Amino acid sequence: MPLTAETPRQLPAETAERPALMHALVLLAIFGCVALAASILIADFVVPDHDWIADTISDLGAGRYEFIVDTGLYAFSAALIGLAVLAAHVHLGAWDWSVGIIALIVFGLLVFLIGARNEYGDNDSEGWVIHTYLVYALGLAMATACFALARGAARVGPRYRTILIGTGVVWCASAPIFFFLPTAVDGIYERYLGAVSYVLVLTLAHLFHQRAKQRKAT
């Protein structure tokens, strides 16, 4: 459609960050964390003969009550995708920030796939079982997001860079240990790793909340 005199007035070329959108996506990120934690807690009580110290979250995501944890995983996936949208809307860095955006998207998609595949915790061995590969990729996406977003996060506040780098270091040091743990404790250790991933999500949520407040004030 050819440009008219009305077009520049209706669709200005200048772009701006939208605090309302930012606040909405921040709330989505927080909701995703709360929903996943609540779904795991509920499933811990509902699923019969479940030992939350020895049995993993994956065990809760299979069988008759799989929909409980799956719902939480989908909400957490939406939280990660929402943060990726926020990071693209408020681009705070150079190439590394762009890598972090992609890492958040991949992280969110992997969480969704892990919930949707339902091939864990029930000795599933039919067809192409990819759960382990998804977990490996998730670990890499989490670490990449922490380190890639750190430099840009410092533009909002240096503490965000410190927290993200610290979280990435803790994740890289902790996540591989899971595969060497005895099955008697891998359930509680997986929950610890989940808490580490929450630090990434909630740190970014707080960062964008502060950014939205600054933009609204100015």
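Among contacts in the chain with a separation of 6 or more, 74% join residues 24 or more positions apart. The model is predicted, and its chain averages a pLDDT of 87. The secondary structure comes to eight helices and zero strands. Of the 218 residues, 45% count as buried.

**Confidence and overall make-up**

- A pLDDT of at least 70 is reached by 86% of the residues.
- Helix H7 has the highest confidence in the chain, at 97, whereas helix H1 (residues 6–10) has the lowest, at a mean of 52.
- Over residues 1–6 the pLDDT stays under 50, and the model has zero contacts beyond four places in sequence for this stretch.
- Read from the N terminus, the order of elements is α-α-α-α-α-α-α-α.

**Nonpolar core**

- The largest nonpolar core holds 59 residues, and Leu104, Leu200 and Phe208 are those with the most contacts inside it.
- At least two residues of this core come from each of helix H2 (19–46), helix H3 (57–60), helix H4 (66–89), helix H5 (95–117), helix H6 (131–153), helix H7 (158–174) and helix H8 (186–217).
- H8 gives the largest share of this core, with 11 residues.
- Leucine 200 is in contact with Leu104, Phe107, Met142, Ala145, Cys146, Leu164 and Thr167, leaving aside its neighbours within four places in sequence.

**Helix H5**

- The end C-alpha atoms of H5 are 33 Å apart, which agrees with the 33 Å that its 23 residues should span at 1.5 Å a residue.
- The buried residues of H5 are Asp96, Trp97, Gly100, Ile101, Ala103, Leu104, Phe107, Gly108, Leu110, Val111, Ile114 and Gly115.
- H4, H6 and H8 are among the elements that cover these buried residues.
- Leu104 of H5 is buried, and Leu104 is also one of the residues with the most contacts inside the largest nonpolar core.
- Phe107 of H5 is likewise buried, and leucine 200 contacts it.

**Aromatic pairs**

- The whole structure contains seven aromatic pairs.
- In one of them, tyrosine 74 and phenylalanine 112 have ring centres 5.0 Å apart and planes at 40°, so this pair is tilted.
- Because tyrosine 74 lies in helix H4 and phenylalanine 112 in helix H5, the pair ties together parts that are 38 residues apart in sequence.
- Tyrosine 74 is partly exposed, with a relative accessible area of 32%, and phenylalanine 112 is partly exposed as well, at 39%.
- Phenylalanine 76 and phenylalanine 107 have ring centres 6.4 Å apart and planes at 85°, so their pair is edge-to-face.
- This second pair ties together parts that are 31 residues apart in sequence, because phenylalanine 76 lies in helix H4 and phenylalanine 107 in helix H5.
- Phenylalanine 76 and phenylalanine 107 are both buried.
- One aromatic cluster is formed by Phe76, Phe107 and Tyr198.

**Valine 185, in the loop between H7 and H8**

- Valine 185 sits in the loop between H7 and H8 and counts as partly exposed, at 33% relative accessibility.
- Not counting residues up to four places away in sequence, valine 185 touches Ile53 and Ala54.
- Valine 185 and threonine 56 are 129 residues apart along the chain, with their C-alpha atoms separated by 8.9 Å.

**Alanine 154, in the loop between H6 and H7**

- Alanine 154 belongs to the loop between H6 and H7 and is partly exposed, with 29% relative accessibility.
- From C-alpha to C-alpha, alanine 154 and glycine 93 are 9.5 Å apart in space, while in sequence they are 61 residues apart.

**Glutamine 214, in helix H8**

- Glutamine 214 is part of helix H8 and counts as partly exposed, at 35% relative accessibility.
- A distance of 9.7 Å separates the C-alpha atoms of glutamine 214 and valine 156, which are 58 residues apart along the chain.

Definitions and conventions: Residues are numbered from 1 along each chain as its sequence is written. This is a predicted model: local features need pLDDT of at least 70, side-chain atom pairs count only at pLDDT 80 or more; totals for chains, interfaces and linings use all residues. Side-chain values use heavy atoms; hydrogens and water are left out. A nonpolar core is a set of buried Ala, Val, Leu, Ile, Met, Phe, Trp, Tyr and Cys residues joined through side-chain atoms within 4.5 Å. Buried means under 20% relative accessible area, exposed over 50%, partly exposed in between (1.4 Å probe, protein chains only). Helices (H or I, at least four residues) and strands (E, at least two) are DSSP runs, numbered from the N terminus. Contact means heavy atoms within 4.5 Å. The expected span of a helix is 1.5 Å times one less than its number of residues. Rings of Phe, Tyr and Trp (its six-membered ring) pair if their centres lie within 6.5 Å; planes under 30 degrees apart count as stacked, over 60 as edge-to-face and the rest as tilted. pLDDT is the predictor's confidence in each residue, from 0 to 100.
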